[in-house]
Amino acid sequence: MFTSLSRISLVATVVSLLLPCRALAQGGLTLADAIARAKAATPEALSPWSPDSSRALWILGFVAVFLTRLPASYPKLYSFDSVNLAYALREFDPTRNQPQPPGYPVFVMLARSLQPFFGTADITFLAMQLIVRGLAVVFLYKLTALLFSSRVALFATALLLFNPVFWYSGLTSALRLHLALMPILFAYYCVQAMDNRRSNFLIASLILALAGGIRPELSVVLFPMWVWTGWRCGDARTLLRGFGIICLVSWLWLANLAAASGGFAHMMEYFQQYLSTQTFQSSMLQRSEEHTSELQSLRHLVCRLLLE
(Lines give C-alpha, C1' and ligand atoms only; values in the text may rest on other atoms or scores of the structure.)
Protein backbone atom coordinates (compact mmCIF):
# COMPACT_ATOMS: atom_id res chain seq x y z
CA MET A 1 0.00 0.00 0.00
CA PHE A 2 2.75 2.43 0.94
CA THR A 3 4.72 1.61 -2.19
CA SER A 4 1.69 2.42 -4.34
CA LEU A 5 1.17 5.73 -2.54
CA SER A 6 4.84 6.58 -2.93
CA ARG A 7 4.75 5.89 -6.67
CA ILE A 8 1.59 7.93 -7.11
CA SER A 9 3.11 10.78 -5.13
CA LEU A 10 6.32 10.63 -7.17
CA VAL A 11 4.44 10.67 -10.48
CA ALA A 12 2.28 13.56 -9.30
CA THR A 13 5.38 15.49 -8.27
CA VAL A 14 7.08 14.94 -11.61
CA VAL A 15 3.94 15.96 -13.50
CA SER A 16 3.54 19.07 -11.35
CA LEU A 17 7.10 20.04 -12.24
CA LEU A 18 6.87 19.26 -15.95
CA LEU A 19 3.59 21.03 -16.68
CA PRO A 20 4.76 24.49 -15.56
CA CYS A 21 8.01 24.01 -17.49
CA ARG A 22 6.01 23.15 -20.61
CA ALA A 23 3.84 26.22 -20.12
CA LEU A 24 6.93 28.38 -19.73
CA ALA A 25 8.42 26.97 -22.91
CA GLN A 26 5.22 27.65 -24.86
CA GLY A 27 5.15 31.19 -23.53
CA GLY A 28 8.75 31.85 -24.52
CA LEU A 29 9.95 32.20 -20.94
CA THR A 30 12.83 30.47 -19.28
CA LEU A 31 12.62 29.20 -15.73
CA ALA A 32 15.07 31.88 -14.58
CA ASP A 33 12.88 34.61 -16.16
CA ALA A 34 9.80 33.23 -14.42
CA ILE A 35 11.56 33.19 -11.05
CA ALA A 36 12.83 36.74 -11.61
CA ARG A 37 9.30 37.95 -12.43
CA ALA A 38 7.92 36.24 -9.34
CA LYS A 39 10.57 37.92 -7.21
CA ALA A 40 9.85 41.29 -8.77
CA ALA A 41 6.15 40.87 -8.03
CA THR A 42 6.86 40.04 -4.38
CA PRO A 43 9.72 42.29 -3.23
CA GLU A 44 9.07 41.51 0.42
CA ALA A 45 10.37 37.99 -0.18
CA LEU A 46 13.77 39.33 -1.23
CA SER A 47 14.68 40.90 2.08
CA PRO A 48 17.47 39.01 3.87
CA TRP A 49 16.57 36.75 6.73
CA SER A 50 17.10 38.68 9.94
CA PRO A 51 18.34 36.74 12.98
CA ASP A 52 15.05 37.25 14.81
CA SER A 53 12.85 36.05 11.95
CA SER A 54 15.19 33.12 11.25
CA ARG A 55 15.09 32.07 14.90
CA ALA A 56 11.31 32.35 14.93
CA LEU A 57 11.13 30.25 11.77
CA TRP A 58 13.14 27.44 13.34
CA ILE A 59 11.07 27.54 16.51
CA LEU A 60 7.72 27.60 14.70
CA GLY A 61 8.78 24.85 12.29
CA PHE A 62 9.84 22.40 14.98
CA VAL A 63 6.91 23.30 17.25
CA ALA A 64 4.50 22.54 14.40
CA VAL A 65 6.20 19.18 13.83
CA PHE A 66 6.16 18.28 17.53
CA LEU A 67 2.53 19.27 18.00
CA THR A 68 1.27 17.36 14.97
CA ARG A 69 3.54 14.30 15.11
CA LEU A 70 4.52 13.56 18.68
CA PRO A 71 1.00 12.68 19.95
CA ALA A 72 0.62 10.09 17.15
CA SER A 73 4.16 8.72 17.40
CA TYR A 74 4.71 5.25 18.77
CA PRO A 75 8.28 4.57 19.92
CA LYS A 76 8.41 1.01 18.63
CA LEU A 77 9.89 -0.52 15.50
CA TYR A 78 7.10 -0.59 12.92
CA SER A 79 8.31 -3.13 10.34
CA PHE A 80 11.04 -5.65 9.65
CA ASP A 81 12.92 -2.95 7.71
CA SER A 82 13.15 -0.91 10.91
CA VAL A 83 14.27 -4.01 12.81
CA ASN A 84 17.04 -4.58 10.27
CA LEU A 85 18.14 -0.97 10.68
CA ALA A 86 18.13 -1.40 14.46
CA TYR A 87 20.40 -4.44 14.14
CA ALA A 88 22.71 -2.34 11.95
CA LEU A 89 23.29 0.06 14.84
CA ARG A 90 24.87 -2.83 16.71
CA GLU A 91 26.60 -4.58 13.79
CA PHE A 92 26.62 -3.14 10.29
CA ASP A 93 26.58 -5.99 7.74
CA PRO A 94 24.25 -5.70 4.70
CA THR A 95 25.01 -9.31 3.65
CA ARG A 96 23.17 -10.38 6.80
CA ASN A 97 20.35 -7.90 6.19
CA GLN A 98 21.68 -5.59 8.89
CA PRO A 99 20.27 -3.61 7.19
CA GLN A 100 18.97 -4.99 3.91
CA PRO A 101 20.67 -3.88 0.66
CA PRO A 102 21.65 -1.31 -0.43
CA GLY A 103 22.81 -0.86 3.14
CA TYR A 104 22.11 2.87 3.68
CA PRO A 105 25.57 3.52 5.21
CA VAL A 106 25.16 7.27 5.75
CA PHE A 107 21.81 6.77 7.47
CA VAL A 108 23.33 4.14 9.77
CA MET A 109 26.20 6.51 10.57
CA LEU A 110 23.79 9.32 11.46
CA ALA A 111 21.68 7.00 13.63
CA ARG A 112 24.77 5.72 15.43
CA SER A 113 25.87 9.29 16.17
CA LEU A 114 22.50 9.99 17.83
CA GLN A 115 22.12 6.70 19.69
CA PRO A 116 24.38 7.66 22.65
CA PHE A 117 21.98 10.53 23.42
CA PHE A 118 18.77 8.49 23.19
CA GLY A 119 19.80 4.96 24.19
CA THR A 120 17.63 2.40 22.43
CA ALA A 121 17.17 2.11 18.68
CA ASP A 122 13.43 2.81 18.72
CA ILE A 123 13.84 6.08 20.64
CA THR A 124 16.76 7.03 18.38
CA PHE A 125 14.65 6.50 15.25
CA LEU A 126 11.79 8.48 16.78
CA ALA A 127 14.15 11.38 17.48
CA MET A 128 15.49 11.17 13.92
CA GLN A 129 11.97 11.28 12.53
CA LEU A 130 11.17 14.47 14.43
CA ILE A 131 14.49 16.14 13.55
CA VAL A 132 14.31 15.26 9.84
CA ARG A 133 10.70 16.42 9.58
CA GLY A 134 11.53 19.70 11.29
CA LEU A 135 14.48 20.32 8.97
CA ALA A 136 12.40 19.49 5.89
CA VAL A 137 9.62 21.87 6.91
CA VAL A 138 11.97 24.77 7.73
CA PHE A 139 14.13 24.46 4.62
CA LEU A 140 11.12 24.06 2.33
CA TYR A 141 9.80 27.36 3.70
CA LYS A 142 13.16 29.04 3.15
CA LEU A 143 13.50 27.63 -0.36
CA THR A 144 9.99 28.65 -1.43
CA ALA A 145 10.31 32.11 0.10
CA LEU A 146 13.59 32.57 -1.74
CA LEU A 147 12.01 31.63 -5.07
CA PHE A 148 8.59 33.23 -4.70
CA SER A 149 7.17 34.85 -1.55
CA SER A 150 6.54 34.23 2.11
CA ARG A 151 2.84 33.62 1.41
CA VAL A 152 3.62 30.92 -1.16
CA ALA A 153 6.16 29.47 1.26
CA LEU A 154 3.54 29.22 3.98
CA PHE A 155 1.13 27.30 1.76
CA ALA A 156 3.89 25.03 0.44
CA THR A 157 5.05 24.23 3.97
CA ALA A 158 1.50 23.46 5.08
CA LEU A 159 1.02 21.14 2.09
CA LEU A 160 4.18 19.24 3.01
CA LEU A 161 3.38 19.15 6.72
CA PHE A 162 -0.04 17.58 6.14
CA ASN A 163 0.82 15.51 3.08
CA PRO A 164 -0.49 11.95 3.74
CA VAL A 165 2.62 10.20 2.40
CA PHE A 166 4.94 12.49 4.36
CA TRP A 167 2.83 11.99 7.49
CA TYR A 168 2.64 8.21 7.15
CA SER A 169 6.35 7.88 6.36
CA GLY A 170 7.26 9.80 9.46
CA LEU A 171 5.20 7.51 11.66
CA THR A 172 6.60 4.28 10.22
CA SER A 173 10.16 4.91 9.02
CA ALA A 174 12.98 7.28 9.84
CA LEU A 175 14.71 6.38 6.59
CA ARG A 176 12.05 7.35 4.05
CA LEU A 177 11.76 10.88 5.41
CA HIS A 178 15.19 11.60 3.95
CA LEU A 179 13.60 11.31 0.51
CA ALA A 180 11.97 14.64 1.33
CA LEU A 181 14.75 16.31 3.30
CA MET A 182 17.75 15.69 1.03
CA PRO A 183 16.18 17.04 -2.21
CA ILE A 184 14.91 20.11 -0.35
CA LEU A 185 18.34 20.82 1.13
CA PHE A 186 19.99 20.19 -2.21
CA ALA A 187 17.61 22.50 -4.08
CA TYR A 188 18.01 25.25 -1.47
CA TYR A 189 21.79 25.37 -1.78
CA CYS A 190 21.64 25.06 -5.56
CA VAL A 191 19.44 28.15 -5.73
CA GLN A 192 21.81 29.95 -3.36
CA ALA A 193 24.74 28.96 -5.57
CA MET A 194 23.05 30.40 -8.67
CA ASP A 195 22.42 33.62 -6.76
CA ASN A 196 26.13 34.57 -6.95
CA ARG A 197 27.03 32.49 -3.90
CA ARG A 198 29.25 29.90 -5.51
CA SER A 199 30.56 28.50 -2.25
CA ASN A 200 27.09 27.02 -1.69
CA PHE A 201 27.64 24.85 -4.77
CA LEU A 202 30.22 22.93 -2.75
CA ILE A 203 27.65 22.44 0.01
CA ALA A 204 25.15 21.20 -2.57
CA SER A 205 27.79 18.76 -3.86
CA LEU A 206 28.34 17.44 -0.33
CA ILE A 207 24.58 16.99 0.15
CA LEU A 208 24.34 15.11 -3.15
CA ALA A 209 27.10 12.73 -2.11
CA LEU A 210 25.54 12.12 1.31
CA ALA A 211 22.11 11.61 -0.25
CA GLY A 212 23.51 8.75 -2.30
CA GLY A 213 24.63 7.06 0.90
CA ILE A 214 21.13 7.35 2.34
CA ARG A 215 19.09 6.44 -0.75
CA PRO A 216 21.21 5.65 -3.83
CA GLU A 217 18.44 6.61 -6.26
CA LEU A 218 18.68 10.21 -5.07
CA SER A 219 22.09 10.54 -6.72
CA VAL A 220 20.58 9.68 -10.09
CA VAL A 221 17.52 11.88 -9.67
CA LEU A 222 19.38 14.95 -8.40
CA PHE A 223 22.50 14.74 -10.57
CA PRO A 224 21.01 16.63 -13.57
CA MET A 225 20.17 19.56 -11.31
CA TRP A 226 23.73 19.52 -9.98
CA VAL A 227 25.10 19.70 -13.54
CA TRP A 228 22.74 22.54 -14.43
CA THR A 229 23.67 24.47 -11.29
CA GLY A 230 27.38 24.05 -11.98
CA TRP A 231 26.86 25.28 -15.53
CA ARG A 232 24.90 28.31 -14.29
CA CYS A 233 27.68 29.18 -11.84
CA GLY A 234 29.96 29.54 -14.85
CA ASP A 235 33.13 28.60 -12.99
CA ALA A 236 34.96 25.45 -14.12
CA ARG A 237 37.13 25.43 -11.01
CA THR A 238 34.08 25.42 -8.74
CA LEU A 239 32.50 22.65 -10.82
CA LEU A 240 35.64 20.51 -10.54
CA ARG A 241 35.78 21.07 -6.79
CA GLY A 242 32.18 20.02 -6.42
CA PHE A 243 32.80 16.90 -8.50
CA GLY A 244 35.81 16.10 -6.34
CA ILE A 245 33.69 16.38 -3.19
CA ILE A 246 31.09 14.02 -4.68
CA CYS A 247 33.74 11.45 -5.64
CA LEU A 248 35.55 11.63 -2.29
CA VAL A 249 32.50 11.39 -0.05
CA SER A 250 30.87 8.73 -2.22
CA TRP A 251 34.06 6.69 -2.16
CA LEU A 252 34.20 6.93 1.64
CA TRP A 253 30.70 5.56 2.25
CA LEU A 254 31.04 3.03 -0.56
CA ALA A 255 34.34 1.75 0.87
CA ASN A 256 32.76 1.47 4.30
CA LEU A 257 29.84 -0.43 2.79
CA ALA A 258 32.15 -2.84 0.95
CA ALA A 259 34.33 -3.41 4.02
CA ALA A 260 31.30 -4.24 6.15
CA SER A 261 30.06 -6.64 3.45
CA GLY A 262 33.26 -8.67 3.22
CA GLY A 263 34.68 -7.04 0.11
CA PHE A 264 33.32 -5.37 -2.99
CA ALA A 265 32.95 -8.60 -4.99
CA HIS A 266 31.07 -10.38 -2.22
CA MET A 267 28.87 -7.31 -1.72
CA MET A 268 27.91 -7.11 -5.40
CA GLU A 269 27.18 -10.84 -5.56
CA TYR A 270 24.89 -10.69 -2.55
CA PHE A 271 23.18 -7.51 -3.73
CA GLN A 272 22.42 -9.12 -7.10
CA GLN A 273 20.93 -12.16 -5.37
CA TYR A 274 18.86 -9.90 -3.14
CA LEU A 275 17.60 -7.91 -6.12
CA SER A 276 16.66 -11.09 -7.95
CA THR A 277 14.69 -12.51 -5.01
CA GLN A 278 12.87 -9.20 -4.52
CA THR A 279 11.86 -8.68 -8.15
CA PHE A 280 11.47 -12.08 -9.82
CA GLN A 281 7.71 -12.17 -9.21
CA SER A 282 7.05 -8.79 -10.79
CA SER A 283 9.95 -8.37 -13.23
CA MET A 284 9.19 -8.80 -16.94
CA LEU A 285 12.72 -10.14 -17.46
CA GLN A 286 12.76 -12.74 -14.67
CA ARG A 287 9.33 -14.35 -14.83
CA SER A 288 9.29 -18.09 -14.64
CA GLU A 289 6.94 -20.18 -16.78
CA GLU A 290 4.92 -21.15 -13.72
CA HIS A 291 4.45 -17.54 -12.69
CA THR A 292 3.54 -16.54 -16.26
CA SER A 293 0.82 -19.19 -16.41
CA GLU A 294 -0.59 -17.98 -13.10
CA LEU A 295 -0.79 -14.44 -14.43
CA GLN A 296 -2.51 -15.62 -17.59
CA SER A 297 -5.09 -17.56 -15.55
CA LEU A 298 -5.71 -14.48 -13.45
CA ARG A 299 -6.20 -12.34 -16.56
CA HIS A 300 -8.69 -14.84 -17.99
CA LEU A 301 -10.63 -14.81 -14.72
CA VAL A 302 -10.75 -11.02 -14.61
CA CYS A 303 -11.88 -10.83 -18.24
CA ARG A 304 -14.66 -13.31 -17.63
CA LEU A 305 -15.88 -11.40 -14.59
CA LEU A 306 -15.90 -8.15 -16.55
CA LEU A 307 -17.69 -9.60 -19.56
CA GLU A 308 -20.38 -11.53 -17.69
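Helices here are DSSP runs (H or I, at least four residues), numbered from the N terminus. I'm working on a predicted model, where local features need pLDDT of at least 70, side-chain atom pairs count only at pLDDT 80 or more, and totals for chains, interfaces and linings use all residues. Residues are numbered from 1 along each chain as its sequence is written, and side-chain values use heavy atoms, with hydrogens and water left out.

**Cavity**

I looked for cavities, meaning sets of points on a 1 Å grid over the protein atoms alone where a 1.4 Å probe fits but cannot get out.

Next I listed the lining (an atom within 4 Å of a point). I got 17 residues, with Lys76, Leu77, Asp122, Phe125 and Gln129 nearest the centre. α6 (121-147) is among the helices that supply at least two, along with α4 (80-90) and α8 (164-172); α6 gives the most, four.

**Core**

I see 57 residues, and Phe107, Phe125, Met182, Phe186 and Tyr189 touch the most other members. α9 is the top contributor, with twelve residues.

I followed Tyr189: leaving out residues up to four places away in sequence, it touches Phe139, Asn200, Ile203, Ala204 and Ile207 (heavy atoms within 4.5 Å). I also noted a separate second core of five residues, including Leu57 and Val138.

Key. On a 1 Å grid over the protein atoms alone, a cavity is a set of points where a 1.4 Å probe fits but cannot get out, and a pocket is an open set with protein on both sides within 12 Å along at least five of seven lines; lining residues have an atom within 4 Å of a point. A nonpolar core is a set of buried Ala, Val, Leu, Ile, Met, Phe, Trp, Tyr and Cys residues joined through side-chain atoms within 4.5 Å. Buried means under 20% relative accessible area, exposed over 50%, partly exposed in between (1.4 Å probe, protein chains only).
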